[in-house]
Amino acid sequence: MTAQEKISKIAQNWFLTEPLIFSVYCTHKTLPNENLSIPFRVGKRKIEFCPSLIERLPAEETAERLYFEVVRIILKHPYKRLPPSANKIALALASDITISDNLEEAKKFFACADDFSLPKNLCFEEYYAKLVEKFPEDAVQNAKDFLYFDDLQISIEGIMEIEGIKEIEKLVRHFQTAELWEEDDEISEIINREIERSKYENAWGSISGKLRQTIEASLLIEMDYRRILSGFRASVISTSRRLTRMKPNRRYGFSFMGSRRDFTTKLLIAVDVSGSISDHSLEQFFSIINRFFKYGIEAIDVLQFDADLTAELIPLKKARKNFGIIGRGGTDFQPAIDFYEKNYEYDGLIFFTDGCAEKPKVSGLKKILWILTSRQEYNAFVSEMLPDLPKSRATYIPS
């Protein structure tokens, strides 16, 4: 059986038994790369495999290794939260150890925290920060030099003739694992949508326990205004179709009207103006709202709420310096959510709040982004409230 046939058979089995694994696998192209010194690697929306290595592997091991690479994609390690000029060896090892923490069977192939005398159950970024100290940049350069000697890619068999190559071989393998990794908000959002669908439909396949919790936690993005807006806007963006004489019909040319689509995304923003929100937080809220117009949002409607909706809807088509605040009572999310769910013209809802209120009832039919006022309030919100709010994501404003 060829490598491609092996991989196709694995994917066919996943179609029946692993809904999330299969759907995320299908978001990437599967391509051969005989120059790899590892069976699989992922990145740049590709799953690359080394045919000669795959053909020598038992079918069960091939399936396990491919499964772990798709888990890596689901955790978005190749696409999110990558530091500038990232150390590729530390990135790959941080990802391997994170997967090993969550899947005991991955330790057959991947490094674990004990191998580097590291604490267990850290997050991807924490492992990376600790591993960078162990693998300075000259180690990465050594791996590059051996892999791309004279700008020509050489095989691992040739590398192994060099004295002391065992350690270099490991570095090369780790470097290749993360070589294609780069920030990609669009594919991250596509992966998040597949995760959210599995979560909503309870279609996790064999994924359970600790790994499932880690995957769900990967939906909780850190605060970066541009990335948050880009990701949320991409997930709720809508279009309207209209006929036009300025564009030919695809089939009949200018004899019939063509059509064009205009982006018509409309957001609702609910601002918590209850007594627990400081004046400084309110200033931050409205400053961020004004920033939205820099990133492609055409129209925003702003609601203020405390225990109820406290003011008339404020429609915005450009940044605004002053907002009148009406409220400062208790807090209840339900009136704002009810308004959002009854008004179908909105593509998404963004809450600005400290999260201090009773858990609301959410239908799960429309998407919500919750932006909390601090890391502490964010931690409380995601542990106590977010798991019961379908189609919701959360982040916080860093101090």
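Which residues in α5 meet which residues in α6? In this predicted model, where residues are numbered from 1 along each chain as its sequence is written, local features need pLDDT of at least 70, side-chain atom pairs count only at pLDDT 80 or more, and totals for chains, interfaces and linings use all residues. Side-chain values use heavy atoms, with hydrogens and water left out.

On the α5 side, A90, L91, L93, A94, S95, I97, T98 and D101 meet F124, Y127, Y128, L131 and V132 of α6, where contact means heavy atoms within 4.5 Å. Helices (H or I, at least four residues) and strands (E, at least two) are DSSP runs, numbered from the N terminus. Helix α5 (residues 88-102) and helix α6 (residues 124-134) pack at about 135°, their axes 8 Å apart; axes are lines fitted to C-alpha atoms, for helices over the stretch in contact, and angles run from 0 to 180 degrees between N-to-C directions.

Elsewhere, 6 strands form an open sheet of mixed pairing, in the order β8-β7-β6-β9-β10-β11, and two strands pair if DSSP finds at least two bridges between them. The edge strands, each pairing on one side only, are β8 (314-316) and β11 (392-396), and the twist averages 20° from one strand to the next. Strand β10 (residues 368-372) pairs with β11 in the parallel sense over 5 bridges, and A394 in β11 is the bridge partner of W370.

| Helix | Strands touched | Direction |
|---|---|---|
| α14 (residues 334-342) | β6, β7, β9 and β10 | about 165° with β9 |
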